[in-house]
Amino acid sequence: MSNQPGGDAAQLDLSHDAAARDAARKAEEAARQAASKEAADTVLKAFGGVRGMIDMTLPGLVFIVTYNLTHQVSTSAWAALGLSALFVVARLAKRETIQHAFSGVFGVALGAWISMKSGRAEDFYLPGLLWNVGYCIALATSALVRWPMIGVMLGPITGEMFTWRKENPGRLAAYTRATWAWVVIMGLKPVILFPLYFTHNVNLLGWLKVALGIPPMLLAMYVTWQILLKAPPPIKAQLDDDDEEEPAK
């Protein structure tokens with residue numbers, strides 16, 4: 001025990017201060033972890049998660065495997081299309097969103113039709129390559145006009161809608177950086193794959209298309225997540241109350 005007058009009180013105050021600092025650090029760490037999880041969940045949800053990426057990647061794998069086994073363009077195209085349709089049916093049965101599975105079916109169906117009409121297996125991948133180019137152009141254009149597509153996609157999920165455009169400049173800057181990151185990362189795919197398309201090397205094109213399916217998206221999602229962690233928190237949009245009771249008649 002302290003022999004100094006008021007020593008016990010001083011020690012008690014120091015103990016309280018240390019406890020308060022420790023509690024503040026824990027609260028700050030918990031808030032940081034919550035923000036990290038929210039940012040990760042938001043990005044995953046917007047882009048369909050791992051399941052959505054698998055839905056869009058596996059049909060291409062089935063096509064190239066079937067083509068190597070049968071050397072038949074039509075058989076390979078129907079196998080890929082059948083798998084895409086199966087994904088949609090499975091999602092419908094589980095009452096899950098079919099947005100990414102349906103977009104995969106549309107792309108596979110278009111590629112299957114073009115390849116069967118031309119008789120060239122490499123044409124199965126042409127719609128996907130053109131879509132990648134168009135997607136990158138759309139991303140770049142959206143960033144240039146200050147409507148970054150990543151913000152447009154994530155805003156409704158975070159509940160901020162479009163408040164980031166005028167009310168949250170730090171958030172706008174973050175979404176713009178994330179959009180440019182997607183342009184660079186996703187732009188590598190057509191740069192690598194288009195020259196292979198013109199060489200008619202179906203095997204190399206098919207296997208590289210599969211290999212470049214999920215990893216670039218995971219990288220782009222990771223970069224987006226890291227950018228959002230350093231961005232200001234979203235400002236929730238104030239929605240009008242449409243559920244007001246009607247006056248009694």
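Visitor: Is Ile-227 buried or exposed?

Guide: This is a predicted model, in which local features need pLDDT of at least 70 and side-chain atom pairs count only at pLDDT 80 or more, while totals for chains, interfaces and linings use all residues. Residues are numbered from 1 along each chain as its sequence is written, and side-chain values use heavy atoms, leaving out hydrogens and water. A residue is buried under 20% relative accessible area, exposed over 50% and partly exposed in between (1.4 Å probe, protein chains only). Because the relative accessible area of Ile-227 is 14%, this residue is buried.

Visitor: Which residues does Ile-227 touch, not counting residues up to four places away in sequence?

Guide: Ile-227 is found in helix 9, where helices (H or I, at least four residues) and strands (E, at least two) are DSSP runs numbered from the N terminus. A contact means heavy atoms within 4.5 Å. Ile-227 and Ala-178 are 49 residues apart in sequence, yet their C-alpha atoms are 6.7 Å apart in space. Beyond its sequence neighbours, Ile-227 touches Ala-174, Arg-177 and Ala-178.

Visitor: How many helices does the protein chain have?

Guide: Along the sequence, the chain follows the pattern α-α-α-α-α-α-α-α-α. It has 0 strands, and its number of helices is 9.

Visitor: What percentage of the contacts between residues at least 6 apart in sequence join residues at least 24 apart?

Guide: The protein chain has 249 residues, of which 38% count as buried. Among its contacts between residues at least 6 apart in sequence, the share that joins residues at least 24 apart is 70%.

Visitor: How are helix 7 and helix 9 oriented, roughly parallel or roughly antiparallel?

Guide: Axes are lines fitted to C-alpha atoms, for helices over the stretch in contact, and angles run from 0 to 180 degrees between N-to-C directions. Angles under 35 degrees count as roughly parallel, over 145 as roughly antiparallel, 65 to 115 as roughly perpendicular and the rest as oblique. Helix 7 and helix 9 pack at about 165°, with their axes 9 Å apart. Helix 7 and helix 9 are therefore roughly antiparallel.

Visitor: How many charged residues are in the contact of helix 7 with helix 9?

Guide: Residues of this contact include Arg-171, Tyr-175 and Trp-182 of helix 7, and Met-217, Ile-227 and Leu-228 of helix 9. Ala, Val, Leu, Ile, Met, Phe, Trp, Tyr, Cys and Pro count as nonpolar, Asp, Glu, Lys and Arg as charged, and the others, Gly among them, as polar. The contact has 15 nonpolar residues and 1 polar residue, and its number of charged residues is 3.

Visitor: Is Arg-171 buried or exposed?

Guide: Arg-171 has its place in helix 7. Apart from neighbours within four places in sequence, its contacts include Glu-160, Trp-164, Leu-228 and Pro-232. Because its relative accessible area is 5%, Arg-171 is buried.

Visitor: Is the crossing of helix 6 and helix 7 left-handed or right-handed?

Guide: The axes of these two helices come within 7 Å and cross at roughly 125°, so helix 6 and helix 7 are oblique to each other. A crossing is left-handed if the near helix is turned anticlockwise from the far one by less than a right angle, and right-handed if clockwise. For helix 6 and helix 7, the crossing is right-handed.

Visitor: Is the crossing of helix 7 and helix 8 left-handed or right-handed?

Guide: The axes of helix 7 and helix 8 (residues 202-211) come within 9 Å and cross at roughly 160°, so the two helices are roughly antiparallel. Helix 7 passes helix 8 in a crossing that is left-handed.

Visitor: Does Leu-144 count as buried or exposed?

Guide: Leu-144 lies in helix 5. Its C-alpha atom is separated by 9.5 Å from that of Trp-180, 36 residues apart along the chain. Because its relative accessibility is 63%, Leu-144 counts as exposed.
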